[in-house]
Each structure stands twice: as structure tokens, then as C-alpha cells.
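Open your viewer and keep the selection tool at hand. We will go from stop to stop, and each one says what to select and what is there.

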Amino acid sequence: MSEDGIPCLWMRGGTSKGAYFLKSDLPADPSERDDLLLRIMGSPDPRQIDGLGGADPLTSKVAILSPSSCEHADVDYLFLQVFVDQALVSDAQGCGNILAGVGPAAIERGLVRPDGEETEVRIHMLNTGEVAVARVQTPNGRVSYAGSTGIAGVPGAHAAVPLLFVNIAGSMCGTLLPTGNAVDMIEGVEATLIDNGMPCVIMRAVDFGLTGRESREALEANADLKTRLEAIRLTAGPMMNLGDVKEASVPKMTLVSAPTQGGAISTRSFIPHRVHASVGVLAAVTIATATRLAGSPAQLLALAPDDGRYQIEHPTGSMEIFLDLADDGSIRGAGTVRTARKLLDGLAFPGPKRTAT
């Protein structure tokens, strides 16, 4: 099968990009599938020179689509993070940016029929079990990627892909606050351990001697900081019901500071060992949620809006998150607007199998 190439959509979703496959085109056995994906992406190799991957976690991602196994959804979506420099493929988290491309890809591949000028696609996110709703522009019965919506971190303007999330609290940890606390002390640092779609450990940048305005490159070069964050992450994992997270891509480590661009809060997000060029969609939802927890690091620094529209600042701009707030202040749902674009539709050819040395 792989010698003849595997049908593949290469797409940008939000501020990430990756390969979108139909489940039926990949091996049924997960270990065989993961080996194939490593060879397609060119991992493990820091440059991913012999594969499609872009030598960055944000460009080494995979979406696997299939007809929905859930009566409340139209398509199943499994997200896989293909590690760049390790022979590791992880389904331990979802991805809200790659999610933005799932609706268009499902229509492109015939899993969902276009329905008028705009098609609603209900997406069963297999990593966490929740259902997200995407609205895709489909004039004349075809996906349109042209539009006037811009998002930080992506040049130009494209068609908007609104996303709505419900019932995502405790997506991986079982509950919004797995320790029951708005603030926990780990390694002498106050932290909020929270999961409203993405497990995150949220801490003040100043507690690490930082302003929170540092560039991605400066943070990447700070070996002492990364060592401290990893020690906290390994402690937080079991506290968040995630177990030993040494080989996992969660929880995400997020440093927050007061906003400087008119937003609600400023962030620097580690995913978990590299610094995110922006911020993940579901991480942004979780961070916005944390600004509402009295006494938490995020709440003490945030300029929270009254209308539920949060601008989450990040290294390349900001991301708007909508929190649907009930009268009692609880969060009924969350949403955001992303864009996506089809970059290539063709066949992917995996590299040769590697022999152990």
C-alpha cells in the first residue's frame, strides 16, 4: 500500500499544519500506523529532512478522519502529534488548530455533504470524546478558503471557520480543577492546574524572573527555565490525574503576565518543551477560564471583559476566545474563529523502515 502512495491532504489549520488522512487509507494496527506516520513525517530527525514534517511540533501533526461512530456527530477526528526528534506518535491530547481544518477536509473527502452557502460539521474529537461544531463556507457546493478573516500568526486573510465547544471541562483530567484548588504550590511556585479542553499548568512569568514579554527565541535558549518548568510539569502530571507525563505532550506549561496589547492576559506557552509561536485553541480556552478563578495567577493579572470575549495575547499577536457565561458565572461553552487552507492534495510516500542500531 505505502509503495503506491497514500492519499493525503496537506492543510493549514489555524496556526498549525499537517497531514489529513482517511482512517481507511491507513493500517488498522496502531503500531503499524504510527510507524508509517513517522516515516511520512521524517521522524525522528531534528530537520525531518526525509519527510513532510517542518522540523517544528506545530508542523508535524496528523488528523485521521472517518465516518462518525457517534450519533451526535458527522465525522470522527483523531489527532496525532508526531514528535520531531523522537520515534513517538502521541494521541494524548487534542488540537484545536488542526481541528479548524477537519470540517473542510471532511467535505473535501466526501464524509460530509455540503449544505448551502455554509455547512455545519459536527466533529467527534476522539482524543477527548467531546463534540465540536465547525461552520465551513461552501458556496456553490464546494469548500471555499477565500475570505476576509485574519488570525495572528498567519499571513493574509481567509474564510472564517467558527468553532464551538461544549462540555469540555475535564477533557483529560476528569474535572476542571483536578486537585480541587484554584492555586497549588509546586516547587515553590503558585500554579493553577486546570483542564477546560486542554490540561494546562498556569503560572506567573514574574515568578521565574521574567517579564512575560520575552520572545520565543529567548525562552527557547533559557535552559535553566526549561529545566524548572519540566520539574514542575512532572510533578503536576500525577496531580492532574495524567500519571507519569515524562513521555507525554501534556500538560501544557503556560506563563502569564499582564496584557500589553489591549487584551485580557498575555501568555507564553510551552508545548511542553518547545515554545508555541502563538497559543493553542483549547489552551486559550483553558487560560481564559483560569482568569475567572478568584485568587489564581491568571485572575490576579487579567483584565477580564464583561461580555465573555477574551483576547489572549501571545508572541505573535492575540487570539479571541468566546466564553458562553451563564447568569451564575459558570461557563456553558466556548468558541473561537480560526481559518484553514488546503495546501496540497495528493499522495504521501513514506521513507524506508529504519533498522535498530
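## Stop one: a pair in helix α1

Select helix α1, residues 30-41, and pick out D35 and R39: the two are four residues apart, so about one helical turn separates them. Keep in mind as you look around that this is a predicted model. Now show the side chains of D35 and R39, which meet in a salt bridge with an N to O distance of 3.1 Å.

## Stop two: another helix pair

Next, move to helix α5, residues 223-239, and select R233 and E230, which lie three residues apart, or about one turn of the helix. Their side chains form a salt bridge as well, at 2.8 Å from N to O. Both R233 and E230 are buried.

## Stop three: a link across the chain

Now select D56 and R274, whose side chains meet in a salt bridge of 3.7 Å, N to O. D56 is buried, at a relative accessible area of 12%, and R274 is partly exposed, at 29%.

## Stop four: two cis peptide bonds

Stay with the loop between α1 and β3, and select P44, which is found there. The peptide bond leading from S43 to P44 is cis, and its omega is near 0 degrees. Then return to the loop between β13 and α6, where P272 is located. Here the bond from I271 to P272 is cis too, with omega near -5 degrees.

## Stop five: positive phi

Which value does phi take at N140? It is near 60 degrees, which is positive in a residue other than glycine. To find N140, go to the loop between β7 (131-137) and β8 (160-166). With a relative accessibility of 75%, N140 counts as exposed.

For a second example, select N241 in the loop between α5 and β12 (252-257). Phi of N241 is near 65 degrees, again a positive value in a residue other than glycine.

## Last stop: the cysteines

How many disulfides does a search of the whole structure find? The search finds zero. Select C8 to look at one cysteine that is in no disulfide: its nearest cysteine sulfur belongs to C95 and is 16 Å away. C8 is buried, with a relative accessible area of 2%.

C173 is buried, with a relative accessible area of 4%.

Key
Residues numbered from 1 in each chain as written. Predicted model: local features only at pLDDT ≥ 70, side-chain atom pairs only at ≥ 80, totals over all residues. Heavy atoms only, no water. Salt bridge = Lys/Arg side-chain N within 4 Å of Asp/Glu carboxyl O. Buried < 20%, exposed > 50% of the residue type's maximum accessible area, 1.4 Å probe, protein only. Disulfide = S-S within 2.5 Å.
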